[in-house]
Amino acid sequence: LNIQSVLATIEMWMPRADGALLSLTVPWRSLLADTSARVLVRRDQLELVQLYRGRGLEVVAMIDATDGLARDREPPELVELGRSIREPEVQQAYREYVMAVDSILQPSDLALAMETNLVRLAAPREIYEALRAMVNATAQALGGSAARARLSVTVQVDVAWGRLQGTTQFVGIGDDLADFPFARGLGLSSYPFLAGFTEPEQVPLNYYARLGEDHDLPMMILEGGWTSAAVANITSSPEKQARWIARQWQLADEAGLAGVYQITFTDLDLTSFPVPPGSILPLFAHLGLVDTELSPKPALAAWDRAFQRSRIR
């Protein structure tokens with residue numbers, strides 16, 4: 001991870017995209033040490049966003065307020081500090097950071113929390129309630145339905161279908177719509193290879209569309225994918241991943257989605273940074289359209305075909 005490799009990656013994906021996704025983790029340690037949120041956002045993201053905008057890309061941002069690899073837990077950095085999102089000071093730090101992202105980066109869409117239905121399912125109730133209160137207060141500070149950006153949260157599609165719970169009983173997202181009434185959009189997260197599907201074509205055509213039956217909010221894929229590697233008890237291949245890209249576009253068309261984002265363009269080199277023992281990160285290390293050396297996988301050609309068709313339409 002260095003400036004050269006980041007720029008090489010960006011230059012490779014820019015021609016095959018009309019939007020850029022910022023997946024942001026709250027910099028808790030710096031914020032709680034009294035570093036200005038505006039200073040952090042200007043230092044860490046502003047030039048990148050200016051690069052995107054200079055190439056004519058739409059900018060979408062989503063902010064993770066819990067542990068992205070363990071939704072039953074609070075953010076690792078907060079846990080290390082012995083702090084919690086239940087504290088008013090921590091909620092204030094989150095609010096200031098989100099407002100800095102909105103005012104300085106000015107994304108067209110801004111998701112204030114990720115996979116809220118999975119957090120509600122997995123985390124202690126007091127953590128979910130603190131998240132809900134913090135996110136709603138921040139949305140109100142941003143102007144609610146009158147906010148400059150289209151505010152949203154993201155939901156986990158596989159949880160909505162009951163599949164991560166080990167059932168096939170559809171439970172929907174009614175609680176999320178009720179708990180976050182400010183939302184004018186909805187982000188979707190889906191990893192079907194972790195939800196009991198062994199072939200991309202097994203995923204029902206209405207897998208996304210059914211989540212839109214009880215509302216008229218625009219929906220976008222903001223997170224998800226299909227591994228190209230056999231990992232843990234998952235059997236997959238680069239060819240199967242390419243078939244998922246094609247299938248995902250069929251699901252997106254059926255649902256009339258407003259956008260489809262690929263959260264990781266490259267695979268992750270797990271030897272380049274510490275991976276905590278027991279981490280599920282290896283399950284997500286091979287979701288890229290290219291490998292760690294930027295060599296194309298079959299999924300890249302599948303993406304390019306789908307992207308060109310969407311541009312023609």
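## Helices α1 and α3

In this predicted model, α1 passes α3 in a right-handed crossing. The contact draws on L7, I10 and W13 from α1, and on L48, L51 and Y52 from α3. By class, these residues comprise six nonpolar, no polar and no charged.

Helix α1 covers residues 3-13 and helix α3 covers residues 37-54. Their axes lie 12 Å apart and the packing angle is about 25°. Angles under 35 degrees count as roughly parallel, and α1 and α3 are therefore roughly parallel to each other.

Strands of a sheet pair through backbone hydrogen bonds, in either the parallel or the antiparallel sense.

Seven bridges pair β1 with β2 in the parallel sense. Within this pairing, L24 stands opposite I63 in β2. Strand β1 is mostly covered, with five of its seven residues buried. At the other end of the strand order, β3 (residues 109-111) and β4 run parallel and are joined by three bridges. A111 has S152 in β4 as its bridge partner.

## Helices α5 and α7

Two packed helices are described by the angle between their axes and by the distance between those axes. For helix α5 (residues 88-105) and α7, the angle is about 40° and the axes are 10 Å apart. α5 and α7 are therefore oblique to each other. The crossing of α5 past α7 is right-handed.

On the α5 side, the contact is made by Q91, Y94, R95, V98, M99 and D102. On the α7 side, the residues are A130, M134, V135, A137, T138, A141 and L142. The residues of this contact divide into nine nonpolar, two polar and two charged.

## Residue M134

M134 belongs to helix α7, which spans residues 125-142, and is one of the residues through which α7 contacts α5. Buried means under 20% relative accessible area; at 0% relative accessibility, M134 therefore counts as buried.

With neighbours within four places in sequence left aside, M134 is in contact with A65, I85, Q91 and Y94. Q91 and Y94 are also among the α5 residues in the contact with α7. The C-alpha atoms of M134 and G224 are separated by 25 Å, and the two residues are 90 apart along the chain.

## The sheet β5-β6-β7-β8

Another open sheet is formed by four strands in the order β5-β6-β7-β8, with parallel pairing. Its edge strands are β5 (154-156) and β8 (259-260), each of which pairs on one side only.

Strand β6 (residues 186-190) runs parallel to strand β7 (residues 219-224), and five bridges join them. L188 stands opposite I221 in β7, and the bridge partner of L186 in β7 is M219. Strand β6 also runs parallel to β5, to which three bridges join it. Here V155 has L188 as its bridge partner in β6.

## Burial of strand β6

In a regular strand the side chains alternate between the two faces of the sheet. Both faces of β6 are covered. L186, L188 and S190 lie on one side, G187 and S189 lie on the other, and all are buried. Strand β6 is accordingly described as mostly covered, with five of its five residues buried.

Definitions and conventions. Residues numbered from 1 in each chain as written. Predicted model: local features only at pLDDT ≥ 70, side-chain atom pairs only at ≥ 80, totals over all residues. Heavy atoms only, no water. Pairing = 2+ DSSP bridges. Helix = DSSP H or I, 4+ residues; strand = E, 2+ residues; numbered from the N terminus. Axes fitted to C-alpha atoms, helices over the stretch in contact; angles between N-to-C directions. Parallel < 35°, antiparallel > 145°, perpendicular 65-115°, else oblique. Left-handed = near helix turned anticlockwise from the far one by under 90°. Contact = heavy atoms within 4.5 Å. Nonpolar A, V, L, I, M, F, W, Y, C, P; charged D, E, K, R; others polar. Buried < 20%, exposed > 50% of the residue type's maximum accessible area, 1.4 Å probe, protein only.
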